[in-house]
Amino acid sequence: WGGEEFLAVLPETGSAEAARVAERVRSRVAAYDFRLPRGETLTCSIGSAGFPGDATRTASLVDRADRAMYGAKSSGRNQVVAARDSLSLGLIA
């Protein structure tokens with residue numbers, strides 16, 4: 001999607017299932033022993049959003065997921081934040 005970000009489209013997958021898939025991805029990344037040159041730690045912050053519950057237009061859906069991802073980063077990294085949860089937590093407007 002850009003830089004160090006990627007986008008996954010999960011057709012026929014509801015918001016709750018998408019968040020579960022995202023958590024499986026995040027936990028697999030966290031468990032993998034990446035050999036980084038200076039011993040840095042790799043984290044995986046994921047934002048998820050579903051159609052039509054979180055947005056009804058493509059651009060809005062991507063924006064909601066992106067904002068949720070930044071909410072995940074700003075609230076500690078290495079976690080999944082769903083768009084609906086990020087609103088209730090006050091992470092995104």
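Where does Arg77 lie in this structure? Arg77 is found in the loop between α2 and β2 (80-82), where helices (H or I, at least four residues) and strands (E, at least two) are DSSP runs numbered from the N terminus. Before I go on, please keep in mind that this is a predicted model, in which local features need pLDDT of at least 70 and side-chain atom pairs count only at pLDDT 80 or more, while totals for chains, interfaces and linings use all residues. Residues are numbered from 1 along each chain as its sequence is written, and side-chain values use heavy atoms, with hydrogens and water left out.

Arg77 is not a glycine, and yet its phi is positive, about 65°. Arg77 is partly exposed, with a relative accessible area of 45%, on a scale where buried means under 20%, exposed means over 50% and partly exposed is in between (1.4 Å probe, protein chains only). Asn78, which is also in the loop between α2 and β2, has a positive phi near 55°, and Asn78 counts as partly exposed at 28% relative accessibility.

Another loop, the one between β1 and α2, holds Pro52. A cis peptide bond joins Phe51 and Pro52, with omega about 0°.

Now to the largest pocket, which has about 1,200 Å³ of space. On a 1 Å grid over the protein atoms alone, a pocket is an open set of points where a 1.4 Å probe fits, with protein on both sides within 12 Å along at least five of seven lines, and lining residues have an atom within 4 Å of a point. The volume is the space filled by probe spheres set on the points, which are joined across faces, edges and corners. Of the 36 residues that line this pocket, the closest to its centre are Phe6, Leu7, Ala8, Ile46 and Gly47.

Which elements supply at least two residues each of the lining? They are α1 (15-31), β1 (46-48) and α2 (58-74), and the largest share, 7 residues, comes from α2. By class, the lining has 21 nonpolar, 9 polar and 6 charged residues, where Ala, Val, Leu, Ile, Met, Phe, Trp, Tyr, Cys and Pro count as nonpolar, Asp, Glu, Lys and Arg as charged, and the others, Gly among them, as polar.

I will finish with Val9, which sits in the segment before α1 and counts as exposed at 67% relative accessibility.
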